[in-house]
Amino acid sequence: MNPADTNQVCSAKIDASCRVPLLALFGGAALWLVLGLAFALIASLTFHNPEILAYCPCLTYGHTLAAANNLLVYGFAIPAALGVILWIFARLSQAELVLPIVPVAAANLWHLGVFVGVATIFGGGSSGYTWLEFPRAAAALLGVSFVLVAISAVATFGQRQERELYPSHWFLLAALLWFPWIYSTSNLFLGSNHPVRGVAQGVINWWYADNLVFVWLALVGLGTAFYFIPKISGQPLKSRFYALFAFWTLILFGTWIGIPAGAPVPAWLPTTSALASYMLIIPIIAVAVVLVKTLWGAKVASFGGIFCYMRFGTVMFLISALMLVVQACPKHGSVLEFTWFGQAQVQLQILGFVGLILCGAIHDILPQIMSTELPFKKFVQVQFWLSFAGLALYIIPLAVAGVMQGNAVYDPAAAKVPLMICTSGLMLLLAGAVLLLVNILVMTFKWKIALAKSAYAAVTAPLESSEVKS
Amino acid sequence: MKSGFGVFFAVVIALGGSWVGLVVGPTLQLGTAKQTTVLVSGDLWPQQRTGEATLGMQVYRANGCAACHTEQMRQDGVSFDVVLTSPGKTPAVATAVSNVLATLKLNDLDKEEADAAAGKITDLGGKVETHLSATGTDIKRGWGVRHSVAADYLYDAPVQLGNLRAGPDLANVGGRLADANWHLNHLYAPGIVSGSRMPSFKFLFEVRKAGAKPSADALLNLPKEFAPADGYEVVPKPEAKELVAYLLSLRADVPLYEAPFTPVTTAKP
């Protein structure tokens, strides 16, 4: 057996060890993605006719939108990211997943937590804090499950053969440490019986929102992209130094943004935040340099394939971060603050950047852990182009709506037309998400049927003669 | 960074720094805040909400109103107006003052211009007051008289600052629209108000058969297309009344040390 073969056998074993936990994480994530986009679509109907949901107390715009956003981040992005982290860590360590049963249990607890949280939002039990709408019970489930998955991931990380870390390790390991810290802090400071007093709540809420939606998602998205882009393009990541620079500047400056310019808090807070936002230009340039240098001269034929997901997703990160810088400039910020422009940035970060990269990673990982082809291989390309068109029809009109709304000084009727266009973008994104869900479901059912068949065959098989006592 | 410890170290430095700066710092600085005093009158600010308005804050939270409304006013700066209170004791002085007045710019001045203009008039023997007002797009739009400050939110839990103005800012809605019936009508049928894109909150109201005499709190003056069928009346449920009580309690209309302005009521023509 030559070394390449041993490596393949080894990879097959590693992938098999990831199978059940990753199916549990990805399957739920795809389902929540579909539901999240469906609720976002329902919420956007309000732009066409404000009365459309008025008769159902559950489906107010405030409920539907909060549910949609929470489903996209807690339902889809985080479990999908955890699955990708587990697999990348196992592959980079050249070791089987440690304690695979723990992430399986954790994935189910996590999905239960998301279900409880969203049901509570529809029942009017939202906490009232942005990105922390889930009630305490759901938050406890999410926190515990995240730590359980992280334990398995870090234990696998500890098994690595090559002791020196690969750049993806920094980003993904940091993400595993990040979330428990920010989630416990914000829940203890805001969700306890004695929350902090007054507007300090607002500051902590902004800090959490920024660290979750900007920093955490950036760590996960870039860590995943830095693993897949060199692998698919066949060129090494160029360079380790630029990636390290991007990592440090991202976490140093990214953690301080998020306090809006006119906030009713002591002036040092928004000022620091604005400064940190300007400094974001440094990690933006560093990531762009890594992307361009790594891909320079690479010839990858990929018409909407996984490579497109990764490359386009990383470019979306650059745009989304640039939008944050623009919002921090006083001249534009005073017009764009409190408009749809900020929503466009958040949605681009979730659906454009991390959404694309994670969907691409799932398409790549699934056939390997199941050791079979995707049931509908064409769906990969179709979903990419649907998402591409959907993002163009969702994010661009939303950003334009923000500019129009800002220039019209928040006239509610100012941006009617672009907001209506958003609905069509969401429809396309939803169609793409359904394709992902179909692929995962069909794959899971086929695997379960095969399992049942082999179990049945094992039970009904005649005993071998050597085992029969004479 | 060659080991896991390096990453751990990076996270502790970066996230720890912002945790100290944006979580612990503000908690120490703002978390122990107490009531402040209103300029001029010396009253305490803010006052605790009534029980009904406190319940209304929870209705506001439960329905996710903060998805479309902010509760924070912004301000660019301040401007000064010089107002003549007495033209002087003798007709000669009055003529001189009015001659000077015609040459002076009296509105929308900065501090030095206002002092200079006031100085010129007082030198001649006239009497003036200098009025301070806040400026900025939010204030120009008529949403309030000053920017929001930390003290305004002392008794809020949760503090719902909001991040999108699909609808108007509500930081001073109680000062701007003080009529409870207007709010009830608007919540029931936003179409009454021209330009309103708010979804209706009909489920906070009950349409029921009217007795011989209409109920005390039934909505009156609903336009024909929004009014219930003959013999029926629209009555707000307790949640609707609580929500309106909360909206009326949202006021940022007193001058504070951090947000001074000259109250309009004291102005003399």
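Modeller: Let us begin with Arg208(B), which is partly exposed, with a relative accessible area of 31%. Please keep in mind throughout that this is a predicted model.

Biologist: Which side chain does Arg208(B) meet in a salt bridge?

Modeller: The partner is Glu233(B), and the N to O distance in that salt bridge is 3.6 Å. Glu233(B) lies in strand E6 of chain B while Arg208(B) lies in strand E5, so the pair ties together parts that are 25 residues apart in sequence.

Biologist: And Glu233(B), buried or exposed?

Modeller: Glu233(B) is buried, because its relative accessible area is 6% and the cut-off for buried is under 20%.

Biologist: Which parts of the chain does the pair Asp156(B) and Arg49(B) link?

Modeller: The side chains of Asp156(B) and Arg49(B) meet in a salt bridge at 2.6 Å, N to O. Asp156(B) sits in the loop between H5 and H6 of chain B, whereas Arg49(B) sits in the loop between E2 and H2 of chain B, and the two are 107 residues apart. Asp156(B) is buried at a relative accessible area of 4%, and Arg49(B) also counts as buried, at 15%.

Biologist: How many salt bridges are there over all chains?

Modeller: A search of the whole structure finds 15. Salt bridges also form a network that links Glu337(A), Arg74(B), Asp138(B), Arg165(B) and Asp169(B).

Biologist: Changing topic, how many residues are in contact between chain A and chain B?

Modeller: On the chain A side there are 75 residues, and they are in contact with 65 residues of chain B. The area buried between the two chains is about 5900 Å², and carbon and sulfur atoms give 68% of that area. Trp181(A), Arg197(A) and Phe338(A) supply 13% of the area that chain A buries against chain B, which is more than any other three residues.

Biologist: What about polar contacts and salt bridges between chain A and chain B?

Modeller: There are 19 residue pairs in polar contact between them, and the count of salt bridges is 2. Lys202(B) and Glu51(A) meet in a salt bridge through their side chains, at 3.7 Å from N to O.

Biologist: Which element gives the largest share of the side of chain A that touches chain B?

Modeller: That is H5(A), which gives 9 residues. The residues on that side of chain A divide into 45 nonpolar, 21 polar and 9 charged.

Biologist: Then where are the cis peptide bonds of chain B?

Modeller: One joins Trp45(B) and Pro46(B), with omega about -10 degrees, and Pro46(B) is placed in the loop between strand E2 and helix H2 of chain B. Another joins Ala157(B) and Pro158(B), with omega about 0 degrees, and Pro158(B) is found in the loop between helix H5 and helix H6 of chain B.

Terms used:
Residues are numbered from 1 along each chain as its sequence is written. Chains are lettered from A and ligands numbered from 1 in the order in which they are written. This is a predicted model: local features need pLDDT of at least 70, side-chain atom pairs count only at pLDDT 80 or more; totals for chains, interfaces and linings use all residues. Side-chain values use heavy atoms; hydrogens and water are left out. Contact means heavy atoms within 4.5 Å. Buried area is the accessible area (1.4 Å probe) that two parts lose on being put together, summed over both. A salt bridge is a side-chain nitrogen of Lys or Arg within 4 Å of a carboxyl oxygen of Asp or Glu. A polar contact is a pair of N or O atoms within 3.5 Å; within protein, one must be able to donate a hydrogen and the other to accept it, and residues adjacent in sequence count only if both atoms are side-chain atoms. Helices (H or I, at least four residues) and strands (E, at least two) are DSSP runs, numbered from the N terminus. Ala, Val, Leu, Ile, Met, Phe, Trp, Tyr, Cys and Pro count as nonpolar, Asp, Glu, Lys and Arg as charged, and the others, Gly among them, as polar. Buried means under 20% relative accessible area, exposed over 50%, partly exposed in between (1.4 Å probe, protein chains only).
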